[in-house]
Structure formats: C-alpha cells, structure tokens
Amino acid sequence: MSRNPFEDDDDLFAEDPFGDSHTASARQNNSSARVLVDDDHDAVPLHSVRRSEDAGGFLSGVGLGGGRAGSYIPVGADTDAHIGSLKRGMFNDSNSGLTKSSGGGFAQDDRETELRRREDALAAREQELRAREAHVQMMASGARPPLNFPPLYPIMYHAIDVEVPTGDRSTVRTIFYLWLALEAMLVFNCVACLVVMISGPADVSNSGASFGSSFVYLFTISAGSFFLWYRPVYNAYMKDSSMFFYFFFIFNGFHILFDAYMAVGVPGAGSAGIIIMLQCLSSNKKAAGALCGISFSLWILHLLASLFMYRKVRTHYTARGHTFSEAKQQAYQGFAQSSAGQTAVTTAAGAYMRSNTGNFV
C-alpha cells in the first residue's frame, strides 16, 4: 500500500516545508532509507528528488520553480540530461510561440494593421449609415432626392449604396454591370453589322436590314431592358417586394432568350451572330467574320452570366419566403394607390351609382 510521507511527524519537510536543497541535504542522513512513493509509479529514491530540486528548487516539483511543472524523473535516469531536454523543450516552445505570434497575426505590426483596417471599415460603415439615414429622412419628409441617372440627362434617382441593403448590394451591382455590358454589346453588334454591310459578302443576305435593326436595338432594347428587368430588380431588393421580383423573372427571362437569339445571328434580324459569321467566312470576308465571331462570343457569355444571376435572384426570392399571392396582393394595392387606379375606381363607382338611380346622364 502506498505510504504518504507527509503524514509522518519525522517527515523530511515537516518543520521547514519550503526549505531549499541544502536543507534537504542536511536531513538526508536521518532519512536515507525513506522513499517517496507515487501511487502510479515505482518508488523514487530521495536522491533523485534532491537532484531535481538542485536544478530548479523544491517548488519545481509542483510547477512553481525553474523546472517544468509535473516533470518526473524515473529511477536510474540521467537527471542532468532530463533537465537539459526540458530546457531545450522550453526554448523550442518559446521560439515556436514567437513564430506563431509573427505568422498568426498577434505581432505588434499585425495588430496595428488589423486595427487600422477595422477603423477604416467602421468609418466607412458610419458614413454609409449616415447617408442612408439622411435619405430615409428626406423620403419621410416628402422631399425627393436630386435626379442623378443617366448622367447626361438625369430622369431618376439611382444610388445602390444608399437605397439597397448592405447584404444585397453586390447582387444588384452585378446586375447593373450586366445591363451596362448589354449596352456595350449592342453598340458592338451595330458596328459589326455595319462592317458586314460595307464589306458586302455575296453569301450574306439582307445585310442592310440587319444594320437597320441593330441600330434600332440601341434605343429600344436599352430602354426596355432598363425599365423592364433592371429597375424592377433594383426596386425588389430596395423594397423587398414580391411583385417587383416577378417583374424581373418574367422580363429577364425574355432577355435571356434575346441573348440566345442574338448569338444565333439570323440574317436580316439585326444580329451579327454565328450564322452571319459563317457566311462572311465562306465569302472570304475575314474582318467581318472576326467581328461576328467576337459578337457571338459576347452574347454567349452574357447569356451565361444572366442565367447565373437569374438563379441567384431566384434563390434569394425563395429564401425570403415570397409567394405569387403576395405579388398579386401588392399589385392590387399599388394599382389602387396610383392615380390611374383611383380614377378607375371613381369612374366605376359613379357608373354603378347612376345605374342604380336610373340617371344615365
């Protein structure tokens, strides 16, 4: 059975439990046969404990001296070598801690950089909140913000960073960039059709009609795409409106079909697509064929990007819990609150009253 040496009145450290190694040495002669017994290990001679104390003091045995806490030196082990290995381990641990501190973001320079980054983010966030608050107060007071879009002839207010919630701005901004890309592609398509018409390939028919249609697309498709699917998705994210989401789904779906139509390049339809490209190449009109090939590639890329954003908006719409019945209810409410709706309701009510009273004048 294990014996607790500290229960004995003649214990080595009974009178001076915090004695140093010299005190332990002085009393060793009276207790040379005594051993300290660990419940989980073999008996450890006192000289082994003394040698450990010489290296780190008595408190090293309980983790408060110079040695490592809880270190155990078995019988017959080289104590000096063991202590040396412990010191080497401590040195390696300190070095690894410094390395981790330098590479883990806890060094002084890294902390200062992180603090500056957070301060800049907070300042930007504060400025954004102030701008949004000012916009909300302006709208609540009945005042309208100054028109700023399009830049050359502003007819509406357009500010994604002010009107759209923070988490949805990247989506709306990406769709806006897609709309701008559509404008650039319409211009490029018109130029390609013009080059095809001027080069006059024998295999291309109705090249003049294609150029005329592409020129018309510059105005009709530009305005239609903005008001039929970009502005609705802008309002949908700004107002979290199911009705505007449905407007986007319907008309952006037609726009995706338009991208495919333009990529095909039907002769005389206003597009410099793959069919026109093949006809130009068969007529040895390489420049016109190259422009048609670039136009075809752009329409395909725009179609794929539009499909991706369509799916992303659809996922957001489903996650928000919008339904078609909610969209219909919002449409009815919007129509009733509009001037046209109020005029229609007044006219219908007047006709009903006249029919009941028999006064049709």
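Q: In what order do the elements of the chain run from the N terminus on?
A: Helices (H or I, at least four residues) and strands (E, at least two) are DSSP runs, numbered from the N terminus. Here the order is α-β-β-α-α-α-α-α-α-α-α-α-α-α. That comes to twelve helices and two strands. The model is predicted: local features need pLDDT of at least 70, side-chain atom pairs count only at pLDDT 80 or more, and totals for chains, interfaces and linings use all residues. Residues are numbered from 1 along each chain as its sequence is written, and side-chain values use heavy atoms, with hydrogens and water left out.

Q: What share of the contacts in the chain with a separation of 6 or more comes from residues 24 or more positions apart?
A: Contact means heavy atoms within 4.5 Å. The share here is 61%.

Q: What does H7 reach from its first C-alpha to its last?
A: Helix H7 (residues 207-239) has 33 residues and reaches 45 Å, close to the expected 48 Å.

Q: Where is the kink in H7 centred?
A: The bend at a residue is the angle between axes fitted to the seven residues ending there and the seven starting there. In H7 the kink is about 40 degrees, centred on tyrosine 217. After H7 comes aspartate 240, whose phi is positive, near 55 degrees.

Q: How do the axes of H8 and H11 cross?
A: Two packed helices are described by the angle between their axes and the distance between the axes. Axes are lines fitted to C-alpha atoms, for helices over the stretch in contact; angles run from 0 to 180 degrees between N-to-C directions. H8 (residues 242-264) and H11 (residues 324-337) have axes that come within 7 Å and cross at roughly 105 degrees. The two are therefore roughly perpendicular (65 to 115 degrees).

Q: Which residues meet there?
A: From H8, Ser242, Met243 and Tyr246. From H11, Phe324, Glu326, Ala327, Gln330 and Ala331. They divide into five nonpolar, two polar and one charged.

Q: Is arginine 169 buried or exposed?
A: Buried means under 20% relative accessible area, exposed over 50%, partly exposed in between (1.4 Å probe, protein chains only). Arginine 169 has 6% relative accessibility, so it counts as buried. Arginine 169 lies in helix H6 (residues 169-199). Not counting residues up to four places away in sequence, arginine 169 touches Glu128, Ile160, Asp161 and Val164. Of the 361 residues of the chain, 31% count as buried.

Notes. Angles under 35 degrees count as roughly parallel, over 145 as roughly antiparallel, 65 to 115 as roughly perpendicular and the rest as oblique. Ala, Val, Leu, Ile, Met, Phe, Trp, Tyr, Cys and Pro count as nonpolar, Asp, Glu, Lys and Arg as charged, and the others, Gly among them, as polar. The expected span of a helix is 1.5 Å times one less than its number of residues.
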